[in-house]
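Please look through the model below with the following questions in mind.

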Amino acid sequence: MTMLVLGACSWNACADTLFVKANGYTFNHKQQLQKFDAMLVDDAGKVVATGTQSSLQKKMPSAKLVDLAGKTVLPGLIDAHGHVFNLGVAESQLSLRATNNLTEALSAIAQYAKRATQQQWILGGEWNQAIWKLDRFPTAKELDSVVVDRPVWLRRVDGHAGWANSKALALAGITKATPDPAGGKIERDANGDASGILVDSAMDILEKVIPPQNDTELRIALDAALKQLRSVGLTTVHDAGVDAQSDKLFREYAAQGKLTTRVYGMIGGVDQFFDTVSAAGPVRSLADDRYALRAVKLYSDGALGSRGAALLAPYSDAPHTKGLLFVQDQQMQAMVRKAAEKGYQVNVHAIGDAGNRQVIEALATLPKQYGAETLRHRIEHAQVLELSDIPRVAKAKLIPSMQPTHATSDMNMAEDRVGKDRIKGAYAWRTFLKQGSKIPCGSDFPIESPNPFWGIYAAVTRQDHQQMPVNGWYPEQAMTVQEAFRCFTLDAAYAGHQEKTLGSLEKGKWADFIVIDQDIFTIPSKDIYKTIVLQTWQAGKQVYAK
């Protein structure tokens, strides 16, 4: 690829720059997909026009040229649900994602512990007992067999359960007499002793004793996360759980021009930090739209894999449990109202059909001025719904914020959990689209890869990277490539109140765009996940080059 004036533009805003020889795609003002081969960007970093090189050069003959050599150009992609600092922290922690069985996992833990001699705690996770075909949770005794002298705490791949060794359980004071907390569960063995697995709010008991990260460690994590995000073409992410420390650093990085991926923040809960920061009201935009803090993230239930998701009827593969609602209906309604009355969008995690119903009904109690039509309230995940509840989402103007790779990661156990009837209302993207719901897509990184092309691939094929199952998992719920692209651009921007500034390369919007190695609209769908990002640009500045 020829870069005629790359040095003049890289990391510096270009004065009236004309990007030429692009195989460009964007949505227009009618929200239709259109092509262009040239794009004019002003010195403020906003799009002036897209069109043909000849017409735009006539319009601005003095513009500096950047030759994109026929490569495909797309608006910057948006991940509507991720965890920025967790992504950065995960870079340095133990990952068990690639292990195929418990023996491999224990070997990996032992090897990591030998290397990480300076770490007081062995932390990490991403394990999945379903992949291991274990048909049970692993135990503290099994962890003790490889690490006994230091505490070990490893979160499950969905982040809703954790695996501790005996040392960690002892430091947390978890004994046979420790009761299950509200919204959580301490798994126990036949004698009633803690087995080593803590589900949902029970994890808090243990995590309170893990030494917190200091400012230096958090900066290292943020730098690592931003490096990874821009390398996969994410120019905006919605961070699902901002606390005081992360808010401080996001504001600082935004002001210094170091936030190379824009962040739309959701305050984690309505507790002390919310009380403090909400006194000044929602932050709609800081530092040229690099940071916003105008949403709140709440939880109704846990995850399907750990059977913490709240179901209306018992689990098909565990008839003794229906999972857990984190709070009672009245408390959920009070939290929703507290956030909405301060002007915040309310985004509630809901996986199971009981969790989703609780959220739909809680948001329906809001008076009109604080309702979804004004504040665009969201259900985060909207994963398993009673079929009759899906139309209620559209009627209430709620936004189902969904993660396509969750379906392809969960397909090995989801139907076991909920059975053949309830699965019809699970991961039901086509059903939502047919009723007119906008679906902002994300990944829930680092639970899943932040690579948005993996998400587009999953949305279109409903297959893993080995193209299994052959015809896709419940393929009638798949999206088209254009729909999946839209859910990672315009619909995600809409879900963050940012559709007037982000999500497409239209006049007056920020020139956030990416250059990729193949045309996702013409290649076979099986190859979409292989897409490589060559360049990432934010507001007309190049922030990444492969």
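**Strands, helices and burial**

Q: Which way do the residues of strand E1 point, and are they buried or exposed?
A: In strand E1 (residues 17-20), Thr17 and Phe19 point one way and Leu18 and Val20 the other way, and all are buried. Buried stands for a relative accessible area under 20%, exposed for over 50%, and partly exposed for what lies in between, with a 1.4 Å probe and protein chains only. Strands (E, at least two residues) and helices (H or I, at least four) are DSSP runs, numbered from the N terminus. In a regular strand the side chains alternate between the two faces of the sheet.

Q: What is the basis for these values?
A: The model is predicted, and local features need pLDDT of at least 70, side-chain atom pairs count only at pLDDT 80 or more, while totals for chains, interfaces and linings use all residues. Residues are numbered from 1 along each chain as its sequence is written, and side-chain values use heavy atoms, with hydrogens and water left out.

Q: What makes E1 a partner of strand E4 and of strand E6?
A: Two strands pair if DSSP finds at least two bridges between them. Three bridges join E1 to strand E4 (residues 38-41), and the two run antiparallel, with Phe19 standing opposite Met39 in E4. With strand E6 (residues 64-67), E1 pairs in the parallel sense over four bridges, and the bridge partner of Thr17 there is Lys64.

Q: How do you know that helix H4 has the expected span?
A: The expected span is 1.5 Å times one less than the number of residues. Helix H4 (residues 102-115) has 14 residues and reaches 20 Å from its first C-alpha to its last, close to the 20 Å expected.

Q: Why are the buried residues of H4 said to line one face of the helix?
A: The buried residues of H4 are Leu102, Ala105, Leu106, Ile109, Ala110, Tyr112 and Ala113. Seen down the axis of H4, they fall within an arc of 165°, taken from the directions from the helix axis to the C-beta atoms, so they line one face. On the other side of H4, Thr103, Lys114 and Arg115 are exposed. An α-helix has 3.6 residues a turn, so residues three or four places apart point the same way.

Q: What do the buried residues of H4 pack against, and what caps its N-terminal end?
A: Judged by contact, which is heavy atoms within 4.5 Å, they pack against strand E9 (94-95), strand E10 (122-127), helix H5 (140-144), strand E11 (152-156) and strand E12 (161-164). The N-terminal end of H4 is capped by Asn101, a side-chain oxygen of which lies 3.2 Å from the backbone nitrogen of Thr103.

Q: Why are E9 and E13 called the edges of the sheet?
A: Six strands form an open sheet in the order E9-E10-E11-E12-E14-E13, with mixed pairing. E9 and strand E13 (184-188) each have a single partner strand, so one side of each is left without a neighbour in the sheet.

Q: How do you know that E12 pairs with E11 and with E14?
A: E11 and E12 pair in the antiparallel sense over three bridges, and Trp153 stands opposite Ala164 in E12. The two strands form a hairpin with four residues between them, where Gly159 in the turn has a positive phi of about 75°. E12 and strand E14 (residues 194-200) also pair in the antiparallel sense over three bridges, with Gly162 standing opposite Leu198.

Q: Why is Arg378 called buried, and what does its side chain meet?
A: Arg378, found in strand E20 (residues 378-381), has 0% relative accessibility and therefore counts as buried. Its side chain is joined to that of His238 by a polar contact of 3.1 Å. A polar contact is a pair of N or O atoms within 3.5 Å; within protein, one must be able to donate a hydrogen and the other to accept it, and residues adjacent in sequence count only if both atoms are side-chain atoms.

Q: What makes Glu380 a buried residue?
A: Glu380, also in strand E20, is called buried because its relative accessible area is 0%. Not counting residues up to four places away in sequence, Glu380 touches residues including His81, Lys297 and His349.
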